[in-house]
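The following report describes how the secondary-structure elements of one chain are arranged and how they pack on one another. Please read it alongside the sequence and the coordinates.

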Amino acid sequence: MNHKFEEGPEYPKFMDNNDELGHFRHRFYLKKGTIYLCGNSLGLCSKDAEESVLKALEHWKNEGVKIWNCEDSKFYLYSNILAKLMAPLINADPDEVAVTGSTTSNIHQAISTFYKPNNIRYKILVDNINFPTDRYAVDSQVRLKGYEPKDAVKEVKSYDGRFLIEDDIIQAMTEDVALVLLPTVLYRSAQLLDMERISKAAKERGIIIGWDLCHAIGAVEIDLKAIDVDFAIWCTYKYLNGGPGSTAGMYINRKHFKKLPGLTGWYGNKKETQFLLRQEFDHQQDASGWQIGSPSILSMATLEGALKIYNEAGIKNIRKKSLHITRYMMYLIEKLGSYGFVIGNSKDDVKRGGHVCAEHDEAYRISLALKFRGVVPDFREPNVIRFTPIALYTSYEDVYNLVNILLDIVKTQSYKEFSGKRALVV
Ligand SMILES: Cc1ncc(COP(=O)(O)O)c(C=O)c1O
């Protein structure tokens, strides 16, 4: 793709007219007069997602408990059905994917399955700039095994609060480390770690490795077959547009299918014997065996429509546009450098996920001024505005207009009309 950007309004028009993914925009509910750049936090509702959730609702309305039997037990087997749609995004086999729980509960499930500390190997290796829920889960898992996090949780520290150095991570894989949990893309700086290199290093050292794909799935290409990780977990409400709190995902490498899940429940029982309701757990030996309780059908149904769009568009094409449009955005924001903006993510395509971080001393108040003007970004402490152009529904013209509004806000200092006091949800 051509990276010779131009500043004026003609360039975005030209790009939009030639955007192979442009037609997907009309399948999403975009509010008139709003530039939505927050799909890394909560993706937008599509007509497809709406249709699939309404269908599920109809089944419930018309059939009550028989919803579990309708369409060849589709909803009873919903995790498996959605796994088929989800697996191509990470190049996994469908039976290695479960659509279940939340990211955090899936971390608990995975760690309780794979963390088997002994006198020699008892530490979990993490980084100190990941989204904190991962850390909270890791800390409680080591406590459950009778350790103190200060002894059993080993931290790789970022040197600047933005980035991690892969060599530091690998060096920290000492022989006391039992398990590593890392984010593929860092939520603040959008740093994309080299999963293949890090996973290979863990494997060579006999360490179990799991990845948090929350900011990666649906944004970057991931090839779990080639990488051979032990487990992965992710949410579906960001780039996958599954809706607020939509059911999360989990990958279990098939070589672990015979392991007993750390947290067992009747939905992890073999399908053929689940309704015999025996007291002995009869493990379904594939990823769906890591489900715990009844699936949240309405929080999964949105995904059926949303994932269809992904499979039509293709993750390769999505990544290609995402890289190009984020480059264009950085190009325009850098022109505002004299107003105090610093790009806080890597400009290298190989090291960048799907969002752009504009750092500014007044980032919070600027983000409020943007919202007031119809732009929806988000803010992350202490000084980052995250802008996420989503390949499926953000236009080049949206990016062009955003930067003009941003320029006006900093030029006129209109952000000073807003309080710096943080809202409950920022
Ligand atoms: C890397 C990462 N992990 C986990 C979560 C959230 O976990 P949950 O889906 O359980 O709320 C987020 C939320 O933004 C995240 O960025």
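Axes are lines fitted to C-alpha atoms, for helices over the stretch in contact, and angles run from 0 to 180 degrees between N-to-C directions. Helices (H or I, at least four residues) and strands (E, at least two) are DSSP runs, numbered from the N terminus. This is a predicted model, in which local features need pLDDT of at least 70 and side-chain atom pairs count only at pLDDT 80 or more, while totals for chains, interfaces and linings use all residues. Residues are numbered from 1 along each chain as its sequence is written, and side-chain values use heavy atoms, with hydrogens and water left out.

## Helix pairs

Two packed helices are described by the angle between their axes and the distance between the axes.

| Helix pair | Angle | Axis distance |
|---|---|---|
| Helix 1 and helix 15 | about 155° | 7 Å |
| Helix 4 and helix 12 | about 25° | 9 Å |
| Helix 14 and helix 15 | about 120° | 10 Å |

Angles under 35 degrees count as roughly parallel, over 145 as roughly antiparallel, 65 to 115 as roughly perpendicular and the rest as oblique. With its angle of about 155°, helix 1 is therefore roughly antiparallel to helix 15. Contact here means heavy atoms within 4.5 Å, and in this pair Pro 12, Lys 13, Met 15 and Asp 16 of helix 1 meet Tyr 396, Glu 397 and Tyr 400 of helix 15. Sorted by class (Ala, Val, Leu, Ile, Met, Phe, Trp, Tyr, Cys and Pro count as nonpolar, Asp, Glu, Lys and Arg as charged, and the others, Gly among them, as polar), the contact of helix 1 with helix 15 has four nonpolar, no polar and three charged residues.

Helix 4 (residues 78-86) and helix 12 (residues 297-313) pack at about 25°, which makes helix 4 roughly parallel to helix 12. Their crossing is left-handed, a term used if the near helix is turned anticlockwise from the far one by less than a right angle, with right-handed used if clockwise. Helix 4 contributes Tyr 78, Ser 79, Leu 82, Leu 85 and Met 86 to the contact, and among the residues of helix 12 that take part are Ile 297, Met 300 and Leu 307. By class, the contact of helix 4 with helix 12 has nine nonpolar, two polar and one charged residues.

Helix 14 and helix 15 (residues 396-412) pack at about 120°, so that helix 14 is oblique to helix 15, and the crossing of helix 14 and helix 15 is right-handed. Ile 366, Ala 369 and Leu 370 in helix 14 face Leu 402, Ile 405, Leu 406, Ile 409 and Val 410 in helix 15, and the residues of this contact divide into eight nonpolar, no polar and no charged.

## Sheets

Two strands pair if DSSP finds at least two bridges between them. Seven strands form an open sheet in the order 2-8-7-6-5-3-4, with mixed pairing. Strand 2 (97-99) and strand 4 (153-156) are the edge strands, each pairing on one side only, and the twist averages 20° from one strand to the next. Strand 3 (residues 123-127) and strand 4 run parallel and are joined by four bridges; Leu 125 has Lys 154 of strand 4 as its bridge partner. Helix 6 (residues 132-144) packs on this sheet, touching strand 3, strand 4, strand 5 and strand 6, and its direction makes about 150° with that of strand 4.

A second topic is the open sheet of four strands, which has the order 9-10-13-12 and antiparallel pairing. Strand 9 (342-343) and strand 12 (378-380) stand at the edges with a single partner strand each, so one side of each is left without a neighbour in the sheet. Helix 13 (residues 315-334) packs on the sheet, touching strand 9, strand 10 and strand 13 (384-387), and its direction makes about 15° with that of strand 10. Helix 14 (residues 363-372) lies across strand 12 and strand 13, running at about 40° to strand 13.

## Local features

The peptide bond from Glu 381 to Pro 382 is cis, with omega near -5°, and Pro 382 is found in the loop between strand 12 and strand 13. Asp 72, in helix 3 (residues 70-73), has phi near 55°, a positive value in a residue other than glycine.
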